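Open the model in your viewer and keep the selection tool at hand. The tour goes from stop to stop, saying what to select and what is there.

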Amino acid sequence: MTRRHVVALLLSLTAPQALAACLGAYNVDPSSVSVSGLSSGGFMAAQLGVAYSDVFKTGFGVFAGGPYDCARNQPFTMCLSNQTSAIDSPTANMKVWSGKEIAPVKNLKSRRIFMQVGTADLTVGVNPMQQLRAQLSAFDDPAKVSFVVSDGAAHVFPTDFDGAGDNPCGESSSPWISNCHYDGAGAVLGWMYGKLKARNERSHTGTTVPFDQTGKYGTLGMDSTGYLYVPAACRHGSEVCKLHVALHGCQQSHSQIGSKFMDNTGYKKWADTNNIIVLFPQTKIDNSLHVIWNGLSLPNQNACWDWVGWYGANTDQRGGTEMTAIVNQVRTIVRGFKG
């Protein structure tokens, strides 16, 4: 074996896929599961929160996303660029699909819902988020809804600290995480779970576990490795912990910006001190052409979560491939609940 072959073998053995373990079960209360996401991750969080409200029993948070089922009956561009997205057909679909293609919409009355968007967001914008708010108002309890508009914030995940390599708050650029003097992770987790203990301001004390995101835990458009952040108190099962799913946006996957979405958003800081396991599923760049809902053939070049029908007509319904993979991950994690 030549030196070049030896180096290639060593690189393959140290690749994230090779290091990924089987996803484990933890002592997590199934009633504590929640989800949030930015941009395409925000659209996906809304899809999961609506279609699988029986799994995400605490609630869901949307950072700079848009209405549920937004792109099925109108051009997906109407759900972006601060357009006023049409919500009549999507809302009617929710009612027709209730209890069949999606979980019963009556569940939303008891779910906690968080929404945040910046005034300088020209990628999605305030108007699509206002339409999401209006759409959900047909089903939710206003007392359980938080809607936040951050002055001057662009299309970014907002924090109140400086993360290494982050972009300015008013600029939509990689890694799309910014000190906007607003703690987005703390706000959404606090809204989901109530008063939290002060976050960990030092080095993370938990463990980031790469896991095999293939088979039932993955699908087209998803990478082969996902990540689970396990606080020290949740590692051995002596404590009952909570589970939050945090979904990155387009161009924020691990293969594109490394661990920045996990490390720089603040989720881990709050997880450490509040016994919250955080699941970070991952997408990947897909240059293949797929026919989306409006009939266009498009690749998924930015590694976005699917809210336009790339991977099936049932993308935002129960059985949609990406949602099924994430739900399978959640169900495995909570299987360790000791009651």
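How many disulfides does the count come to? The count comes to 4 disulfides, where a disulfide is a pair of cysteine sulfur atoms within 2.5 Å. A disulfide is a covalent bond between the sulfur atoms of two cysteines.

Before selecting anything, note that this is a predicted model: local features need pLDDT of at least 70, side-chain atom pairs count only at pLDDT 80 or more, and totals for chains, interfaces and linings use all residues. Residues are numbered from 1 along each chain as its sequence is written, and side-chain values use heavy atoms, with hydrogens and water left out.

**Stop 1: the disulfides**

Select Cys 169 and Cys 180, which are joined by a disulfide with an S to S distance of 2.1 Å. This pair links distant parts of the chain, 11 residues apart: Cys 169 is in the loop between strand S5 (157–159) and strand S6 (177–179), and Cys 180 is in the loop between S6 and helix H6 (184–193). Helices (H or I, at least four residues) and strands (E, at least two) are DSSP runs, numbered from the N terminus. The torsion about the S-S bond of Cys 169 and Cys 180 is about 110°, so this disulfide is right-handed. Are these two cysteines, Cys 169 and Cys 180, buried or exposed? Both are buried; buried means under 20% relative accessible area, exposed over 50%, and partly exposed in between (1.4 Å probe, protein chains only).

Next, select Cys 234 and Cys 241, a disulfide with 2.1 Å from S to S. The link of Cys 234 and Cys 241 is left-handed, with -105° about the S-S bond. Cys 234 has a relative accessible area of 2% and is therefore buried; for Cys 241 the value is 2%, so Cys 241 is buried.

Then select Cys 250 and Cys 304, whose sulfur atoms are 2.0 Å apart in a disulfide. The two are 54 residues apart: Cys 250 is in the loop between strand S9 (242–247) and helix H7 (254–257), and Cys 304 is in the loop between strand S12 (297–300) and H10.

**Stop 2: the sheet**

Color the strands. An open sheet is formed by 8 strands in the order S4-S3-S2-S1-S9-S10-S8-S7, with mixed pairing; two strands pair if DSSP finds at least two bridges between them. Strand S4 (145–150) and S7 stand at the edges, each with a single partner strand, so one side of each has no neighbour in the sheet. Strand S3 (residues 112–118) and S4 run parallel and are joined by 6 bridges. To find one of the bridge partners, select Gly 118 and then Ser 150 in S4.

**Stop 3**

Select Thr 332, in helix H10 (residues 321–334). Thr 332 counts as buried because its relative accessible area is 4%. Leaving aside neighbours within four places in sequence, the contacts of Thr 332 (heavy atoms within 4.5 Å) are Leu 23, Gly 24, Ala 25, Lys 216 and Tyr 217.

Move on to Tyr 217, in the loop between strand S7 (207–212) and strand S8 (225–230). Tyr 217 is at 12% relative accessibility, so Tyr 217 counts as buried. Apart from neighbours within four places in sequence, the contacts of Tyr 217 include Leu 23, Ala 325 and Thr 332. To finish, select Ala 86: from Tyr 217 to Ala 86 is 33 Å in space, C-alpha to C-alpha, and 131 residues in sequence.
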